[in-house]
Amino acid sequence: MAQFDIAVIGLGAMGSAALATLARRGVRAVGIEQFKPAHDKGSSHGETRIIRLGYFEHPSYVPLLRRAYELWRELEAETGQRLMRITGIVEIGPPDSAVVSGTLAASQQHALPHEVMDAAETMRRFPAFRLPEHYVGVFQPDGGTLAVEDATFAQFDSTQRHPNVEPRLFERVSSVTPRSGHVRIETEHTTIEAGIAIVTAGAWLPKLLPSLPVRLRVTREVQAWFKPIDPAPFADGKFPVFLLENRHGQHYGFPPNAQGLLKIAKHHHANETIDPDEGARAVDTDDEALIRPALADHIPAANGALAAAKTCLYTMTPDGHFIIDRLPGAENIIVASPCSGHGFKFAPVIGEILSDLATTGVTRHDISRFSLARFG
Ligand SMILES: Cc1cc2nc3c(=O)[nH]c(=O)nc-3n(C[C@H](O)[C@H](O)[C@H](O)COP(=O)(O)OP(=O)(O)OC[C@H]3O[C@@H](n4cnc5c(N)ncnc54)[C@H](O)[C@@H]3O)c2cc1C
């Protein structure tokens, strides 16, 4: 039976980051993934992800974000690849909306650079937007995008330079069982014994660890690429990454890609629960209908032909915050479920935290918000 100090189960964004950190630290580890690295069946695909510093979800994420920015830059230096693009981000909505009030709270508490603009100033600066008079725009210069597949692959690939790490691809784990002093991992091909298991299975986590004492919900999300009717207001520098809380929901989007297409989506799309193994049904006109009204009202020049669309999965906790903790009753199983629709930007710092917990039992990062105990 193969034996390792640490096993990482699921090599998506978080698992690859954890394995990369363990690899650099010289730990004897195995990483097991059911598909290929940077595949498109989970939560880490679709060209881009947003990174931002003033975090509307809660100010306590800011120190983790500072470290994440540092670690993304280190990964860029290590791989010679450009993975992060700083474009600035504008977060728009009524003054009491979550994105505006939350971003301001985090930015003020942590003294982060930001500008507050009324609707007229936001539209002057970013002419693609049409906004009601009472809306506010908060601009953060540090916001930007991450190349999601390239960044996930780069983390996985960096482990290849370390002989202490063994990746096993196209191998599905069927069970993870705590035993005294170790964890027994059954895959479809073999049995593995590890001192500690880090389970980063994303949307498959509820299936793999049914004893997890919280109900996670896997939802079908849609990312859509539109051809602008008029490309002029999207020219360089005129259209940063944005979050827009409006009467149709919370929409977000990106500057034009290399093909001149705008990726725009609705956070929590139809809020539809699905089984990750059944695959998400194809994108249809009902999906478009959840995005177009926001474009018609607020970014009319973006409301052109649909050029492409892809589904993706969120794994939602009940409160939208992450889980990073030991499995109750099984101290040698560490669980990380940092999705809830906003985890990607944190991947390298979460990899660092998981590696800390697995190798030393503690981490210098404050992860108290992510404990399983909060669910009772
Ligand atoms: C449409 C969309 C937009 C998003 N936008 C943003 C954004 O702008 N900014 C941001 O920060 N975050 C964003 N997120 C969230 C972010 O992408 C996720 O938090 C992150 O990608 C989750 O990574 P993960 O490693 O947990 O999951 P995944 O990357 O899906 O990895 C889980 C891995 O585990 C493997 N696995 C599962 N079960 C097994 C098994 N039994 N055996 C072997 N392998 C297994 C899977 O195949 C998969 O590769 C978005 C998510 C979506 C879907």
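Strand β1 (residues 2-9) runs parallel to strand β12 (residues 191-199), and seven bridges join the two. Helices (H or I, at least four residues) and strands (E, at least two) are DSSP runs numbered from the N terminus, and two strands are taken to pair if DSSP finds at least two bridges between them. The structure is a predicted model, in which local features need pLDDT of at least 70, side-chain atom pairs count only at pLDDT 80 or more, and totals for chains, interfaces and linings use all residues. Residues are numbered from 1 along each chain as its sequence is written.

Strand β11 (residues 182-187) is antiparallel to β12 and is joined to it by four bridges. Arg184 stands opposite Glu193 of β12, and a hairpin of three residues connects β11 to β12. A further pairing, parallel and over three bridges, links β12 with strand β20 (residues 330-337); here Val199 stands opposite Val335 of β20.

A separate description applies to the open sheet of three strands with the order β3-β8-β4, in which the pairing is antiparallel. Because β3 and β4 (84-86) stand at the edges and each has a single partner strand, one side of each is left without a neighbour in the sheet. On average, neighbouring strands of this sheet are turned by 25 degrees against each other, direction ignored. Three bridges join β4 to strand β8 (residues 144-147) in the antiparallel sense, and Arg85 stands opposite Thr145 of β8.

Helix α5 lies across β3 and β8 and runs at about 55 degrees to β8. Axes are lines fitted to C-alpha atoms, for helices over the stretch in contact, and angles run from 0 to 180 degrees between N-to-C directions. The axes of helix α2 (residues 62-79) and helix α5 (residues 148-158) come within 11 Å and cross at roughly 65 degrees. The crossing of α2 and α5 is left-handed, a term used if the near helix is turned anticlockwise from the far one by less than a right angle. Leu75, Glu78 and Thr79 of α2 and Ala154, Gln155 and Ser158 of α5 make the contact, where two residues are in contact if their C-beta atoms, placed from the backbone, lie within 7 Å. The residues of this contact comprise two nonpolar, three polar and one charged. Ala, Val, Leu, Ile, Met, Phe, Trp, Tyr, Cys and Pro count as nonpolar, Asp, Glu, Lys and Arg as charged, and the others, Gly among them, as polar.

The chain is divided into domain 1 (2-45 + 149-213 + 319-375) and domain 2 (89-141 + 217-316), with bounds that come from an automatic or database domain assignment. The centres of domain 1 and domain 2, taken over C-alpha atoms, are separated by 30 Å. Contacts between the domains involve 13 residues of domain 1 and 10 residues of domain 2. On the side of domain 1 that touches domain 2, four residues are nonpolar, eight polar and one charged.

The ligand is surrounded by 38 residues, of which Gly10, Gly12, Gly42, Gly202 and Gly343 are the closest; a residue is near a molecule if its C-beta atom, placed from the backbone, lies within 6 Å of it. The shell draws at least three residues from each of domain 1 and domain 2. At least two residues of the shell are supplied by each of α1 (13-24), β3 (48-51), β13 (217-226) and β18 (306-316). By class, the shell divides into 19 nonpolar, 14 polar and five charged residues.
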